[in-house]
Amino acid sequence: MPTKTHCPYCSLQCGMTLTAPAPDAPADALPLTVAPQEDFPTNLGGLCAKGWTSAELLAHPERLTQPLVRDSRHEPLRPTTWDDALDRVVAGIRRSQDAHGRDSVGCFGGGGLTNEKAYQLGKFARVALGTASIDYNGRFCMSSAANAAGRAFGIDRGLPFPLADVAHADAVLLVGSNPADTMPPAMQFFDAGRERGARHVVVDPRLTGTARRAELHLQPVPGTDLALANGMLNIAIREGLVDHDYLAERTTGFEAVRRAVRLYWPDRVERITGVPEADLVAAVHLLAEAPRAMILTARGAEQHSSGSDTVMAYINLALALGLPGRPYSGYGTITGQGNGQGGREHGQKADQLPGYRRLDDPAARAHVAGVWGVHPDELPQPGVSAYEMLDTLGTDGGVRALLVTASNIVVSAPRAAHVTERLRALDLLVVSDFFLSETAALADVVLPTTQWAEETGTMTNLEGRVILRQQAIDAPDGARTDLWIMRELAERLGRPFFSDDPEVVFAELGRASAGGKADYSGLSHQRLAQDQGVFWPCPSPRHPGTPRLFTVDFPTPDRRAHLHPVEHKGTAEVPDEEYPYYLSTGRLARQYQSGTQTRRVPSLAADGAGAAVQLHRDLAQRLGVGDGALVQLRTRRGKAVMAVEVVAGIRPDTVFAPFHWGGESNANLLTNPVLDPYSRMPEFKVCAVALDRADLADPARPTDTESEPSHA
């Protein structure tokens, strides 16, 4: 019987149907075949190469099906029983907390966890472990956009409208996003808009597949997106394109913003960003004169030490033009990870409780503690952010025992060599995964988990649409769900009130989120199985859900959106004589995140593409390299070696490296962990880099590892 479910990869959560092979299928047939759902609203029959090949991982020969332990750091991992593995974990937790306090045990989650798992992980940390030390890899992805949206709108939902609305917008400004590669099925909505006559502007230092389809491509100096947005607002004000009626009726703060952007006159912004004044003016008129317009940002604008303020600058522009809440108009951010939206709503963040409640809010603590059956005073206070936790692993006052769920920190964290050293310094590292990732390879205990098609759970896609991903196949013997693992550990720790039934956990999540900004209390597995997803907030079973936010007002105390003045500060590092170029990082079409899954799919690697750094042809000529040549990239934090891909459509002062590989090709050996002061997002998107031909590079040449980065 075919099973309707959803893709395991990005935030589109494309609808797909999984079918088991016929009884007479050959022995080497895949355990499931994949077909797209023609009527699911976010993909309408489309799938990318990753979705089409997703079932290839279910019977992969490298699949983990037994717990693994090591008897000392000098011995290899070996198979063991589940009882032995779990007893070792519990013993390590108790040793650490007895010697160093409750916060010495930490949890690190992932944006790919189902809502049930993300919720349960937050509850497990705070109730079973009693620790404040929990955060997740979504801190590296969506935190800046979430912070800015919360300050401006009072709520964070990536897209406050259905993705299909993009097709009806007459103008779209897309900042730091390349959906043509990162989520190809979404491009049908952009393409449909252009076929209707819509005009698109893309802001990106590279001429990406998305930028090639746009009417106007703005190529700013990396790290200058905020100045660009302020300059566009300056032009809108100067040329009488601001919607003053909207500002007066629905917002506060415009006068302070107007004063702040007076200094961002167009020729100054051209000098800062490198974008010609004429293109700036054209982009503003294109947006302001369109009957329906959208501004969309993504990681290119957000993964900076000023990412929150950069997003705020684009929200200011959207509000000044009167876009949020208008039909087929508004501001949105394009969430990346599969459950990047739901994963940041229900408690695996350091400062958060379910329903997008704040952990330091007494009323929120009382409500959630009541659902959990504990006293509010038992709940710890907020902990530190992801990188701040990783930076102090194994130190006095830091986490000494770390439980990692669905995250490959060794590849995905900035300043990766330092983070790897800190992981090695732990007294206990426990990793739950279905492959032996680079992080799992360092672990003292590895717990094999089920994959997406082997379990049921809910996800929340980039639109805020909550969907049900249904089990289609049994898990292999030896693999367990993350919910089962948390239940077993909690029972051994004396907290025997955790369920491993995803439907039961989701119902509890609904009660815990009731009355919060991300209210799921009207949802159930049964309802989601009958619908094509329901948009939150959905506060009762009879509520239809909320596909579009802000149509009447904003969920702030005064029911208005709030503009905030922000200033361009530049990047933490700029090129100099020693490190003369900008390095930017990002995703490729045929890979996903840290590559733990996609690097193991033969058909995705069939084209031979590995880690390749993109160089402008002029830079390649200066270095004396061509396609396929090896170069060493060097920053103040480390070195990496990659092949060269010569391109014409990138800024000559900028190189682009994908972040899907580990080992010597790990782009995050190079990246800068300086943090955004609001979101605590590291500055993944830009740092200063030097390049040398690998055959001429000095292997003994040190990097400036003694220079500790600022965390401000």
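Predicted model: local features only at pLDDT ≥ 70, side-chain atom pairs only at ≥ 80, totals over all residues.

Q: Why is α3 called roughly perpendicular to α20?
A: The axes of α3 (residues 115-129) and α20 (residues 502-513) cross at roughly 65°. Angles of 65 to 115 degrees count as roughly perpendicular, so α3 gets that label relative to α20. The two axes come within 9 Å, and the crossing is left-handed.

Q: What makes the contact between α3 and α20?
A: Contact here means heavy atoms within 4.5 Å. From α3 come Asn115, Glu116, Tyr119, Gln120 and Lys123, and from α20 come Pro502, Val505, Phe506, Glu508, Leu509 and Ala512.

Q: How do those contact residues of α3 and α20 divide into nonpolar, polar and charged?
A: There are six nonpolar, two polar and three charged. Tyr counts as nonpolar, so Tyr119 of α3 goes into that class.

Q: What makes the second largest cavity a cavity rather than a pocket?
A: A 1.4 Å probe fits in a cavity but cannot get out, whereas a pocket is an open set. This cavity has a volume of about 110 Å³, and the structure holds seven cavities of 30 Å³ or more.

Q: Which residues line the second largest cavity closest to its centre?
A: Of 13 lining residues, Leu403, Thr405, Ser432, Ile485 and Met486 are the closest to the centre. α3, β16 (401-405), β17 (428-433) and α19 (482-492) each supply at least two residues of the lining, and α19 gives the largest share, four residues. By class, the lining has 10 nonpolar, two polar and one charged.

Q: What is known about the lining of the largest pocket?
A: This pocket has a volume of about 760 Å³. Its lining has 33 residues, with Gly150, Lys349, Asp351, Tyr356 and Arg358 closest to the centre. α4 (143-153) supplies the largest share, five residues. The lining divides into nine nonpolar, 13 polar and 11 charged residues.

Q: Which elements give two or more residues to the lining of the second largest pocket?
A: They are α7 (209-212), β24 (612-616) and β26 (639-647). The pocket has a volume of about 450 Å³, and among its 23 lining residues Asp181, Arg206, Leu588, Gln614 and Glu645 lie nearest its centre. The lining has nine nonpolar, seven polar and seven charged residues.

How values were computed:
Residues numbered from 1 in each chain as written. Heavy atoms only, no water. Axes fitted to C-alpha atoms, helices over the stretch in contact; angles between N-to-C directions. Parallel < 35°, antiparallel > 145°, perpendicular 65-115°, else oblique. Left-handed = near helix turned anticlockwise from the far one by under 90°. 1 Å grid on protein atoms, 1.4 Å probe; cavity = no way out; pocket = protein on both sides within 12 Å on 5 of 7 lines; lining within 4 Å. Points joined across faces, edges and corners; volume = space filled by probe spheres on them.
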